[in-house]
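Let's take a friendly tour of a protein model. Please have the sequence and the 3D view open while you read.

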Amino acid sequence: MNQLSLDGASHREKPPLALTPPLGWNSWNCFRCYDINESKLLEVADALVDSGMLQAGYDTFVIDDCWQAYARGSDGRLKAHPRRFPSGMQALGAELKSRGFKFGLYGSPGRKTCAMIYDRYPGRGLGSYGREDLDAETFAAWGVDFLKYDWCEADEDGTDLKYPDAFERMALALEATGRPIVYSISEYGRTQPWAWAGEYGHMWRTTPDIEKNWASVVSIGETHAKISNHSGPGGWNDADMLQVGNPGLSSDEAATHFALWCFFAAPLMAGNDPRTMGEDIRKLLTNQRLLRINQDPLGIAASCAEIAPGVDLWTRPLVQGEAWLIVNKSEHPIDIEYRSGAISFDRRLIAPVPAQAQILPLYGESPAAISERSVWSIPSHGCLPISCREDK
Ligand code: GLA
């Protein structure tokens with residue numbers, strides 16, 4: 001076993017993957033457990049292609065929990081659920097790859113997956129406990145490129161697993177296959193994984209499961225405001241999968257949710273059904289300017305300062321210049337004033353802005369020079385992204 005350092009710094013070589021935050025789609029937020037099958041998922045994949053999402057960068061297609069047959073095969077290997085995935089996972093992965101996707105799957109370190117605990121999925125022994133090498137080998141043989149490895153009370157049922165060790169076991173097993181597999185660690189932020197998970201994984205969940213509501217977005221933001229310096233190329237704070245496009249968020253809230261995740265330098269796993277997505281959500285999710293901020297190669301997550309109660313300023317340094325995001329968490333609209341090369345709120349100076357600064361559109365098409373107006377209004381739960389680039 002590797003020794004973890006007290007300062008959380010990485011002292012082992014792990015595969016150099018995910019140098020920018022992974023982008024993709026995950027089945028859980030819109031279909032949860034029983035509602036996935038191979039023909040539906042291929043329709044989703046086609047919709048990701050047709051809508052321009054794949055081209056915009058959402059290239060990792062992750063099939064979350066409940067793809068598994070209820071029991072392992074006589075050889076001990078995991079198998080696809082025979083009725084919902086009759087062609088098998090390897091064949092489905094090949095179909096996805098032929099469309100240009102990377103193939104992601106879900107597993108757990110204990111004896112159970114989370115759906116076995118919370119969704120009464122009637123499986124037996126679907127967790128990888130004691131079979132890490134076999135499962136890693138199976139995933140590699142199926143062409144898996146991304147593994148979400150989800151804690152699911154893995155220390156119960158007599159396993160006596162401990163957090164870093166449980167995740168290390170699968171990291172080593174994946175690495176031993178020789179296949180480059182992005183390794184996504186999920187323990188809901190319980191043990192401050194930002195301090196240790198970079199040793200093993202390429203991303204780690206920071207909070208309990210995101211919910212389809214504004215309060216959940218705000219609470220994840222509060223966590224990320226405290227841990228922005230623990231993320232970077234090859235190891236990202238994972239703010240959980242997007243709820244953009246799912247019922248429960250207004251269009252202003254969905255836009256702020258998306259913009260925040262871009263500023264967090266968080267992985268962006270779309271969690272909506274792209275087959276039925278409206279044009280506004282498509283525009284938001286494929287917003288090139290926000291995606292460029294998310295994927296900035298410096299990989300420095302934005303830091304947060306409260307400029308007034310309920311009003312936050314997130315600042316993210318970029319390879320060229322920096323980007324700001326003003327978020328209005330309050331219940332009423334606010335005005336940001338621009339005058340004499342500076343922005344202010346409620347007569348308090350926020351910061352000087354370069355003359356070239358632009359307000360980035362959320363759903364719309366073209367940016368606007370900040371000097372175009374003297375007042376920029378931000379709706380309740382809305383945000384204002386600003387790109388500040390000094391022209392050289
Ligand atoms: C946990 C995870 C979710 C999802 C489910 C699957 O709740 O946090 O993201 O993977 O398990 O059962």
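Around the ligand sit Trp28, Asp64, Asp65, Tyr106, Cys114, Ala115, Lys148, Asp150, Tyr188, Arg205, Asp209 and Met241, where a residue is listed if one of its heavy atoms lies within 4 Å of the ligand. Before going on, note that this is a predicted model, in which local features need pLDDT of at least 70 and side-chain atom pairs count only at pLDDT 80 or more, while totals for chains, interfaces and linings use all residues. Residues are numbered from 1 along each chain as its sequence is written, and side-chain values use heavy atoms, with hydrogens and water left out.

| Side chain (N or O atom) | Distance to a ligand oxygen atom |
|---|---|
| Lys148 | 2.8 Å |
| Asp150 | 2.9 Å |
| Asp209 | 2.5 Å |

Lys148 has another partner too: it forms a salt bridge with Asp64, with the closest N and O atoms 2.8 Å apart. A salt bridge here is a side-chain nitrogen of Lys or Arg within 4 Å of a carboxyl oxygen of Asp or Glu. This pair joins distant parts of the chain, 84 residues apart: Asp64 belongs to the loop between strand E2 (60–63) and helix H4 (89–98), and Lys148 to strand E4 (residues 146–150). Helices (H or I, at least four residues) and strands (E, at least two) are DSSP runs, numbered from the N terminus. The salt bridge count comes to 23.

Now step back to the domains. An automatic or database assignment sets the bounds, giving domain 1 (3–294) and domain 2 (303–387). Their C-alpha centres lie 32 Å apart. The contact (heavy atoms within 4.5 Å) takes 28 residues from domain 1 and 22 residues from domain 2.

How much area do domain 1 and domain 2 bury between them? The value is about 2100 Å², with 68% of it on carbon and sulfur atoms; buried area is the accessible area (1.4 Å probe) that two parts lose on being put together, summed over both. On the domain 1 side, Phe263, Arg289 and Ile293 lose the most area to domain 2, together 31% of what that side buries.

What kinds of links cross between the domains? Zero salt bridges are counted there, but eight residue pairs are in polar contact (both at pLDDT 80 or more). The largest share of the domain 1 side that touches domain 2, ten residues, comes from H9.

How values were computed
A polar contact is a pair of N or O atoms within 3.5 Å; within protein, one must be able to donate a hydrogen and the other to accept it, and residues adjacent in sequence count only if both atoms are side-chain atoms.
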